[in-house]
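I opened this notebook to record what I looked up in one protein structure. The entries follow the order in which I consulted it.

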Amino acid sequence: MADAVGAEHTFFSTCGSSLSVKSAMLAVAGPHEKLLVGRDAHKAVVSGLILSGIRPIWVTPQWDPDRHLAHPPSAEAFEAAFAEHPDAKGALVTTPTPYGTCSDLAAIAQVCHRRGRPLIVDEAWGAHLPFHPDLPTWAMDAGADVCVTSVHKMGSGLEQGSVFHLQGDLIEPEVLKSREDLLGTTSPSVLLYAALDGWRRQMVEHGRALYDDALALAASLRTRIAGIDGMHVHGRDDFCGPGRAADMDPLQIIVDITSLGTTGYRAATGCANTTRSTCICATTAGSAPS
Ligand SMILES: Cc1ncc(COP(=O)(O)O)c(C=O)c1O
């Protein structure tokens, strides 16, 4: 898997990214030590903080008041947090968001590395990124130290299949492995390992062609939905730019129906995902469309 994506070390989890991200956190900080954490973190991160006793220094995301959604925190916000807490052991950022919007990871990695601190990226929504050049830059290419991915989200793994990657010399592979060992089951599912390996093979052999198709499908879907009265498909003009995200994954299709005078909850009746208020969301890769 490490060869397939171009990482130095890769680890597998059969307990989802929920376990992977906790393993990464425990490899960077211990009880009462500080970790800078983007406040738009998943509950797996929060439970990792509770279990480990790591002290979070929250870094505020970039809030879009018009669309009522958060983009990942900026590099400047991490810089300011490190300036205030120079004893923080490292940083954790979630990118892409479930909306597919991405932080300026290279800049955040530089902020960390200037201080010799590691950057953990919760890239649960970005397992596919290494496999096509037209997708946003994935964490390892941007210079992150650890990158956590859920294969069951944007790949074709079984639920709970997660992979995490390591590079550089700020975290010892043995330490990361031992943290995974501390948390993981002693009877991992062979089905899950086989599915992870099957996905790896599929990506190496056919990833480029599959994502060529998915990107073309997403582009055509965006155009067709945008042609329907009252529906606005969010794109780079909405999500990217100063004070917002640095990039976005075009495979996450967010449709804003505010002008129809209804709510996302109503429009989503019968849809698995009812957590968004004025948007409905489709994904054209990996897991079943919602
Ligand atoms: C950003 C993020 N991180 C971590 C997780 C946990 O991943 P898993 O469900 O693979 O345990 C999720 C799950 O939705 C997530 O969205």
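**Entry 1: Salt bridges**

I found that Lys-34 and Asp-87 form a salt bridge, with their closest N and O atoms 3.1 Å apart. I noted that this pair links distant parts of the chain, 53 residues apart: Lys-34 belongs to strand E2 (residues 34–38), and Asp-87 to the loop between helix H4 (75–84) and E6. Helices (H or I, at least four residues) and strands (E, at least two) are DSSP runs, numbered from the N terminus. For a salt bridge I used this rule: a side-chain nitrogen of Lys or Arg within 4 Å of a carboxyl oxygen of Asp or Glu. By this rule I recorded 11 salt bridges. Side chains of opposite charge can pair when their charged atoms come close.

I noted that the model is predicted, that local features need pLDDT of at least 70 and side-chain atom pairs pLDDT 80 or more, and that totals for chains, interfaces and linings use all residues. Residues are numbered from 1 along each chain as its sequence is written, and side-chain values use heavy atoms, with hydrogens and water left out.

**Entry 2: The two domains**

I looked up the division of the protein and found domain 1 (2–191) and domain 2 (208–283); such bounds come from an automatic or database domain assignment. Their C-alpha centres lie 25 Å apart. In contact (heavy atoms within 4.5 Å) are 24 residues of domain 1 and 20 residues of domain 2.

The two domains bury about 2,000 Å² between them, 59% of it on carbon and sulfur atoms. Buried area is the accessible area (1.4 Å probe) that two parts lose on being put together, summed over both. Which three residues supply more than any others of the area that domain 1 buries against domain 2? I recorded Arg-67, Tyr-99 and His-132, which supply 28% of that area.

I then searched this interface for salt bridges, and the rule finds one. I also noted a salt bridge in which the side chains of Arg-67 and Asp-238 meet (3.1 Å, N to O). Strands E4 (62–64), E5 (69–71) and E7 (101–102) each give two or more residues to the side of domain 1 that touches domain 2.

**Entry 3: Two backbone details**

I recorded a cis peptide bond between Thr-95 and Pro-96, with omega about -5°. Pro-96 is found in the loop between strand E6 (91–94) and E7. I also noted His-68, in the loop between E4 and E5, which has a positive phi of about 55° although it is not a glycine.
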